[in-house]
Amino acid sequence: MIPRNRALPSEEKIISVRNLKFVYEGGVEALRGINLDIRSGEFLAIVGGNGSGKTTLAKNFNGLLRPTGGTVRVADKPASELTVAQLSRIIGYAFQNPDHQLFCASVEEEVRFGPVNLGYPEDEVKAKVEHAIEAMDIHSVRALPPHSLRLSERRRVSIASVIAMDPRVIILDEPTTGLDAGETKALMAKVSQLNREGRTVVLITHDMRLVAEHASRVVVMSDGRIVLDSDPRGAFADLDLLRNCSLVPPPVMLLAHSLAKYGVPRDIISPQELVMRIVLGKGDVR
Amino acid sequence: MSDRSGKVQMKALSMRDVRFKYARSEEWALDGVTLDIEKGEFVSILGSNSSGKSTLCMLTNGLAPHALQGTLEGSVEVFGRQTLGLSVAELATKVGIVFQEPDSQLFCMSVEEEVAFGPENLAVPREEIRARVDWALALVGMRGYNDRSPFSLSGGQKQRVAIAAALSMRPEMLVLDEPAYALDPLGRMELYSVLRDLRQDYGMTIVLAERDSEEAVAFSDRILLMKHGRIVDSGMPRDFAQEPDRLRAVGVVPTQLSEISEMLNSRIKNGKFAFLRVEEAAKGIIENCFSKKGGGRA
Amino acid sequence: MTGFVDLFTESNSALHRMDPRVKIASVIFLSLLALIISELGYLLVLAGVMVLLLLIGRASFSKTMFAFSYVSRVMLLIVVLWPIFDPSGTPVLLEFGPIKITGPGILAGLATAVRVFCLAAVWYVLMFTTSQRDLVRALVKLGLRFDYGLSLAISLRFLPTFGATVESIKDAQRARGLELDRGGVAKRARNYLAVLVPTTITALKTADTLALALQSRAYGARADRTYLRELSMRAIDYVALVVVVAAFALPFAAKYLLSMPL
């Protein structure tokens with residue numbers, strides 16, 4: 001079975017979005033009325049193809065973009081009343097390309113940058129930096145210049161520099177791009193750990209395998225709208241939906257659907273589960 | 001492999017005990033590579049990051065050692081000629097290369113100029129350039145995109161233009177270094193369809209370096225596994241579908257179908273599944289697990 | 001970001017179809033004309049010609065208004081300030097302290113403003129009727145070394161890309177609490193380092209791969225190089241060129257050889 005030993009989300013809505021609309025300069029309607037409540041402690045995946053609006057939505061959470069219609073509430077305050085800097089205390093955003101964030105002479109300085117900007121006193125800064133370095137396992141490279149590191153390390157440094165700000169929510173934009181199998185596993189383990197510690201994780205991805213392995217909830221976006229909001233099984237059950245959203249269903253999903261008339265459920269999300277269902281026949285294996 | 005006359009056919013790519021160290025590095029990026037790739041083969045090279053697969057790609061068209069400074073030992077031969085003795089420009093007519101970053105390899109202001117750039121440099125006559133541009137764009141499914149600027153294209157489209165830009169020089173081999181790196185699933189699919197068609201319709205020799213096994217297993221004739229700068233394993237896609245541990249040994253995630261095959265084999269008597277495609281997996285499972293006389297528990 | 005440098009609008013006007021080399025030459029001659037004529041009356045005629053060119057080129061009204069929003073502010077400034085600093089001539093219309101507003105002063109201010117308009121307009125016509133590709137192609141055809149032409153083309157091609165990269169970097173740093181629009185000069189300079197360093201590094205990395213890509217496409221393989229896109233002069237291009245040269249030569253001769261007041 002898939003381990004899901006993460007903390008259960010609380011009832012508190014850490015991010016709440018009502019009828020959110022966003023139109024880019026030039027007229028492109030990126031968001032066409034989004035309604036979403038993200039509960040504190042969730043591990044939410046936002047999936048969708050290029051142009052579905054997933055990055056636009058995430059940037060509306062932390063104020064990098066401001067809605068053209070509708071409202072965003074963060075920690076029960078209207079986001080419109082908070083600056084990006086103020087919102088960055090609550091919501092951390094790790095960009096897809098770590099090279100867009102790294103600029104300091106050493107990893108340690110890089111990780112300090114965020115908390116220093118937020119005005120924390122020095123002893124708190126030190127504590128947060130240590131915690132972040134520990135969490136992302138970059139202690140061995142802390143004195144090195146970030147740009148001299150390989151991609152997987154740079155990515156961890158960039159995420160550490162966001163964690164050091166001690167946000168309640170961490171948004172990760174395609175964090176496994178360019179990572180090989182071992183690096184992906186290691187990174188996602190650390191991300192899961194962050195979630196277990198109580199941080200809300202919002203994972204923007206198009207890798208359905210990651211969604212199956214880690215997310216407790218998935219929101220599928222297409223053309224500026226949410227077309228599905230359910231646990232991963234809900235997404236995996238709907239082959240046509242994924243295809244219409246320019247997502248490629250993973251082979252296990254296609255296979256489960258091909259075997260549907262033999263009693264194999266359509267909402268299988270991992271190879272292990274499928275095999276269990278085939279071998280054991282009936283019976284609840286979830 | 002010999003042709004009818006009994007002569008040994010020239011290989012597309014031949015490496016013998018190749019070692020390569022980048023100028024400012026202390027480690028050997030390639031540490032003894034010997035391989036042969038036949039004309040018309042589609043070979044995937046799988047390995048984790050820093051396994052040396054990028055460096056291997058750079059050696060096929062002379063970028064290493066001519067453009068990327070470093071020390072080269074051993075011999076690299078492309079269609080019978082040593083790469084050391086040929087300039088990158090000369091090798092460009094034999095080997096086309098596509099890199100992983102879409103933006104960094106498209107530098108012209110329009111798709112048409114990009115694809116024409118190579119033949120222009122080779123002083124190909126204008127009418128022929130026009131013909132090659134149209135041919136290459138049609139091959140990659142970008143017909144009609146001539147006047148578009150690269151900035152306006154999606155990642156998948158950019159990579160296809162990059163392939164067209166390499167094809168217009170009429171190389172006999174196409175080398176791709178993680179071309180789907182920055183692409184979304186749809187872009188990946190489009191890209192690999194183009195490669196499959198190139199191989200099937202034009203007999204193009206294709207060498208593909210990848211981290212992910214799914215497409216490699218689906219499309220290649222042969223797979224080479226790299227680790228620490230060496231080729232440590234090789235085989236047909238079905239071999240790896242049967243024994244996914246071999247992929248795990250080099251840090252590559254096996255395909256989902258091979259994981260399923262593996263798990264079924266351990267639970268079903270005489271199970272010898274090695275699924276490469278969903279259709280054959282469905283058929284195999286239905287026949288063996290769901291039919292009246294079929295398997296069931298081990 | 002692209003809008004600033006790439007003003008080109010697709011169209012089939014006579015100006016769009018004109019050979020870009022003739023357009024470049026025309027712009028140079030007409031600019032020189034705007035600089036040598038100083039009489040308001042004649043400058044207004046030239047401005048009229050500019051408007052005619054805008055019409056022939058089928059300029060988009062909204063885009064042109066936007067492009068000229070900055071220029072018109074400059075023009076207004078000139079019209080207002082010039083007379084204050086140019087007390088020459090008679091009649092004197094207003095006087096307070098050392099400042100004398102004279103009739104000729106006002107006219108000179110107007111003339112300079114119209115001259116600014118003419119210069120802006122003629123370059124704008126070039127930019128919106130000629131694609132960047134054609135401009136670079138024309139320059140190379142006129143004698144610019146291909147290497148330089150390619151450098152220019154690559155720079156233009158990457159402007160929007162780097163513009164987007166800079167925006168992304170700014171967003172990434174703002175998400176780390178960086179406030180780019182606050183603080184004194186020194187603080188802001190240091191803050192911009194957080195944008196400048198990643199931009200530079202990204203640019204350098206791109207340049208590295210670009211160099212490899214260029215070589216892989218046989219750049220520099222031969223001294224002779226063919227071009228897919230050829231430029232060829234039509235009869236009407238020659239006619240236009242003659243007209244433009246004449247339009248320049250006649251006033252030039254009138255002013256400097258015949259000492260007519262122009």
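**Exercise 1.** Find out which residues of helix α4 of chain B are buried.

*Solution.* Start with the rule: a buried residue has 20 or more other C-beta atoms within 10 Å of its own, with C-beta atoms placed from the backbone. Next, check the helix, which spans residues 111-121; helices here are DSSP runs (H or I, at least four residues), strands are runs of E (at least two), and both are numbered from the N terminus. Buried residues in α4(B) include V111(B), F117(B) and N121(B). Finally, look at the cover: it includes α5 (126-139) and α6 (155-167) of chain B, plus α7 (132-141) of chain C.

Bear in mind that this is a predicted model, where local features need pLDDT of at least 70 and side-chain atom pairs count only at pLDDT 80 or more, while totals for chains, interfaces and linings use all residues. Residues are numbered from 1 along each chain as its sequence is written, and chains are lettered from A and ligands numbered from 1 in the order in which they are written.

**Exercise 2.** Work out which strands stand at the edges of the open sheet in chain A.

*Solution.* First write down the order, β6-β7-β8-β3-β9-β10 (chain A), with mixed pairing; strands pair if DSSP finds at least two bridges between them. β6 (91-94) and β10 (225-230) of chain A each have a single partner strand, so one side of each lacks a neighbour in the sheet. Now zoom in on one pair: β6(A) and β7(A) (residues 169-173) run parallel over four bridges. There, A94(A) sits opposite L172(A).

How values were computed:
Buried ≥ 20, exposed ≤ 12 C-beta atoms within 10 Å, placed from the backbone. Contact = placed C-beta atoms within 7 Å.
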